[in-house]
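This briefing sets out selected features of one protein structure, grouped by topic. Please read it alongside the sequence and the coordinates shown below.

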Amino acid sequence: MIDITIEYPGPFSRRTAKGKAPSSWAELTQMQFIAISVTVNGIDPDFRFLSVLTGIDQNLLKKLSPFDLLKLSEAIDFIGRAGNSYSKFLIAKIPGTDVVAPKPKLAGLTFGQFIYTESYYNDWLSGKDETTLNKFIASLYLYPNEKFKSETIGNKAEKIKSVRIDIRQAIAFNYGLIMIWLQKCYPLIFQGNVEARHALPSPNEQTKQSQWLKTFESLVGDDLINQDRYAELSLHAVLRYLTNKYKESIRNSS
């Protein structure tokens, strides 16, 4: 954490306001992360974002000079750095529900669950439709000890739609950071521009449908009787397998 001290004139003498600002994603609270997501998805005219992030009163922030605001923003510059990534969901449990986020680094996420999650996420980026956003979250967040089944997405999405929109958008923003982290882990598989697609998507950005279903079909091949077992494979196991196959094809072609 970074200590922040702001001096400002009072009625009789100069006063001091103190706060703390996070220096990395790992130091953010859930509320701070939602505040960042709100800013990413819109604007912050009342300095709510900076106030939540630093603990400094909004009214005082409004009185700061542009130079002081610039110096303050330098303390939290990690938010806007290119290639931003993070491997953990900061909203571990969705308020008002019993569903919880995947483990850090997407540990335990199955390949089948990933295919549905990516498909709904891509659809949401294309149109920013709330119904699709709810299905994306319903694919990603599960009840404790629940095994992913596509048949449960609809009912879960109905419960999720009543959750505050800023929380739902923050989950999507968080997923984008994790996907950039995943790209860095498996660069041979994610050769497209995942950073542009996931990190800070513009409202009019057009995205392609997920290609993971085709990857799944190629893995299954003629072994249709075991296709459910392929879907239940760990995402990381599949990505490591695909990476090795890609390296093997490069060696054979050289």
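From the N terminus on, the elements of the protein run β-β-α-α-α-α-α-α-α-α-α-α-α-α. The structure is a predicted model, and the protein has 12 helices and two strands.

**Overall figures**

- Of the 254 residues in the protein, 43% are buried.
- Among the contacts in the protein with a separation of 6 or more, 62% are accounted for by residues 24 or more positions apart.
- The protein has an accessible surface of about 14100 Å², and carbon and sulfur atoms hold 52% of that surface.

- Helix H6 spans residues 130-140 and is largely enclosed by the rest of the structure, because eight of its 11 residues are buried.
- The buried residues of H6 are Thr132, Leu133, Asn134, Phe136, Ile137, Ala138, Ser139 and Leu140.
- These buried residues pack against three helices, namely H5 (111-127), H7 (153-160) and H8 (165-185).
- The N-terminal end of H6 is capped by aspartate 129, which places a side-chain oxygen 3.2 Å from the backbone nitrogen of threonine 131.

**Aromatic pairs**

- A pair of aromatic rings is described by the distance of the centres and the angle of the planes.
- With ring centres within 6.5 Å as the criterion, the count comes to 13 aromatic pairs.
- The rings of phenylalanine 111 and tryptophan 212 have centres 6.1 Å apart and planes at 90 degrees; the angle is over 60 degrees, so the pair counts as edge-to-face.
- This pair links distant parts of the chain, since phenylalanine 111 lies in helix H5 and tryptophan 212 in helix H10 (residues 212-220), 101 residues apart.
- Both partners are buried: phenylalanine 111 has a relative accessible area of 0%, and tryptophan 212 has a relative accessibility of 9%.
- Tyrosine 121 and tryptophan 124 form a tilted aromatic pair, with 6.1 Å centre to centre and 40 degrees between the planes.
- Tyrosine 121 and tryptophan 124 are three residues apart in helix H5 and are therefore separated by about one helical turn.
- Tyrosine 121 counts as buried at 1% relative accessibility, and tryptophan 124 is buried with a relative accessible area of 5%.
- The charged end of lysine 128 sits over the ring of tryptophan 124, at 4.9 Å from the ring centre.

**Phenylalanine 111 and the aromatic cluster**

- One aromatic cluster is formed by Phe111, Phe114, Phe190, Trp212 and Phe216.
- Within this cluster, phenylalanine 111 and phenylalanine 216 are 105 residues apart in sequence, while their C-alpha atoms are 8.4 Å apart in space.
- Leaving aside residues up to four places away in sequence, phenylalanine 111 touches Trp212, Thr215, Phe216, Leu219, Tyr230, Ala231, Leu233, Ser234, Leu235 and Val238.

Key. Residues numbered from 1 in each chain as written. Predicted model: local features only at pLDDT ≥ 70, side-chain atom pairs only at ≥ 80, totals over all residues. Heavy atoms only, no water. Helix = DSSP H or I, 4+ residues; strand = E, 2+ residues; numbered from the N terminus. Buried < 20%, exposed > 50% of the residue type's maximum accessible area, 1.4 Å probe, protein only. Contact = heavy atoms within 4.5 Å. Areas by Shrake-Rupley, 256 points an atom, 1.4 Å probe, with all protein chains shown as cover. Polar contact = N/O pair within 3.5 Å; in protein donor to acceptor, adjacent residues only side chain to side chain. Phe/Tyr/Trp six-rings, centres within 6.5 Å; stacked < 30°, edge-to-face > 60°. Lys NZ or Arg CZ within 6 Å of the ring centre and 35° of its normal.
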